[in-house]
Amino acid sequence: MPAPAFEELQHTADWALRVRGEALTDLLRNAALGMLQLSGAVAAVGPRRRRRLRLVSLDRESLLVDFLQELLLGLELRQVTYPEIKIDSASDTSLQATLVEAPLQALAKPIKAVTYNELRIESDQEGLVATLVFDV
Amino acid sequence: MLSKKDFRQINPLLWEVPITFQEGMRVPVRLFADERLLEDALEDKSLQQAVNASTLPGLVGQVIVMPDVHQGYGFPIGGVAATRLPDGVVSPGAIGYDINCGVRLLASRIPLEAVERQLPDLASALYANCPSGVGVKGSLRLTAKDLDRVCRLGAEWALERGYARQDDLDCTEESGRLDGADPGAVSPRAKDRGRPQLGTLGAGNHFIEVDVVDQLFAAQAARAMGLEAGALVVQIHCGSRGFGHQICSDYVREFQPAVGRYGIRLPDRELVCAPLDSPEGQRYLSAMACAANFAFANRQVLAHHVRRSFEQALAGGVPDWDLHQVYDIAHNMGKIESHPVQGEAVRVCVHRKGATRAFGPGFQGLPEKYRPLGQPVLVPGSMGTASWVLLGTQGSMELSFGSTCHGAGRVMSRKQAKREVRGDQLRIALEKSGIQVRAGSMPGLAEEAPQAYKDVDAVVEVVSGAGIAQKVARLRPVAVIKG
């Protein structure tokens, strides 16, 4: 059985998530889906808006943190969630994504920050894997 | 992974990991704990995180770990590290995301038995007046200019606006205003997050709690603090909200390339740092001071709402419903202080993450009434269990860079707590034991269940037995307000 795209891990005080993906684009998308599921973000019925996102970062771990942080800011500041997330392209230092944004109906628990705690994107037999710790 | 055999026992309540344990350690790690709390600490990665922190450049003395330690990110919650000025480092992750998360204690002369019937109304008034929960906005509408003034003035801003009394500021760490704040060092994103959140409690482990003074241990100190056995007090536990989180996130990101520039090697990227005298380090300290001042103002506005709630619920029922401020103290902060290192006073940046400043008697920065006694230390327990009022001691100045514990400390993950505890059943159990509960989220309540935390009484026994704090009063909860 293939390993899940994301799974919650035990963490004493905060939330941790192991994320997998065949390629970096998959890993980025699965990390976003896992984070949104952890925080219990629910989209309201209402107008959807398509948005292109471009990010440039120091390296691929920073790219992952920056991407997730960008989504968190949308949840908090613009009260939107993301029913569709497509990573159009990703390199070690940049990404282009297409996000479909919808008004946020409910958020069970806010994630306040994405940390670099022991963050490494590593390769194994199934592709790429990373463990993320979120400050809640 | 560390085990008990890696520790040298210095005395029954103090353990040390020597610098030979791991390559790159610059100072030893010292843990205040009894055998049981040491074993609890070995259950997660908190002590390995303390070992990792001991590689930060410019450290002096030891990395100190408190008995309420638990795993954080990069640096453990319950850790203290002091770096020498000017070229030691400052590490945003070793101060924490919720900059100046802290506790304020307000005290009354209202005997519990006089208001027992009004407690449900009081809890409801507090829940209605103190905005809490996910994504909540406060009643204040700050302009960009207002927010800059909050950054510079902290609790003084609240005094200007009628949300504070001069006595409140006098009884706040740093009088509620940290010098050196520069709003220009704060990103527009952080300001966008902070502007609607001033005067809000938020969610997570933050709370407002009404307690009764259950036991007194030091009569003179209790008198100075205005604590009376059997009377109601209120704790406010919160910090700088999304504003501080964004500032920390911004600087952890900004410092990623800085470590390379300064030739610093670290075992965990969350520990990124820059020399205190570098442009990056100075800029972070200016931004951190903004978040610290935001948090002082935040707790001050909440204190105003708490007073309003007492008036609404109790006026007419009791002759005096006033609340005076005992103290307000930070437990996530970086402070420039002077401490003895090998017999010499040294200027250091003390990183306290989940650790409370606990200055002993005689410190000039304390309010006059506390100067002969030492600084009040506020140690909230878990929901449904005791909290403590302590005093800083000469021992804390000598052994822990003027620091002590900050709470009970978690032992159970949030995931496990939610699996084992149902929020609605917990609420019923707490109410049966005489504690009013007002909470926005039942799963959130379950995550904060008392069984997810260590025994705060055991933690306090350690810091008191080790001489890094002195007991003044034990508090028992009667109403809990959570987001």
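**Exercises on chain A**

Chain A contains two helices and nine strands, where helices (H or I, at least four residues) and strands (E, at least two) are DSSP runs numbered from the N terminus. The model is predicted: local features need pLDDT of at least 70, side-chain atom pairs count only at pLDDT 80 or more, and totals for chains, interfaces and linings use all residues. Residues are numbered from 1 along each chain as its sequence is written, while chains are lettered from A and ligands numbered from 1 in the order in which they are written.

**Exercise 1.** Check the length of helix α2 (residues 60–78) of chain A.

*Solution.* The expected span is 1.5 Å times one less than the number of residues. The 19 residues should therefore span 27 Å; the end C-alpha atoms are 26 Å apart, which agrees. After α2(A) comes A:Q79, with a positive phi near 55 degrees.

**Exercise 2.** Describe the side of chain A that touches chain B.

*Solution.* Residues are in contact if their C-beta atoms, placed from the backbone, lie within 7 Å. Chain A gives 27 residues and chain B gives 34 residues. On the side of chain A, the largest share, five residues, comes from α2(A).

Conventions:
Contact = placed C-beta atoms within 7 Å. Nonpolar A, V, L, I, M, F, W, Y, C, P; charged D, E, K, R; others polar.
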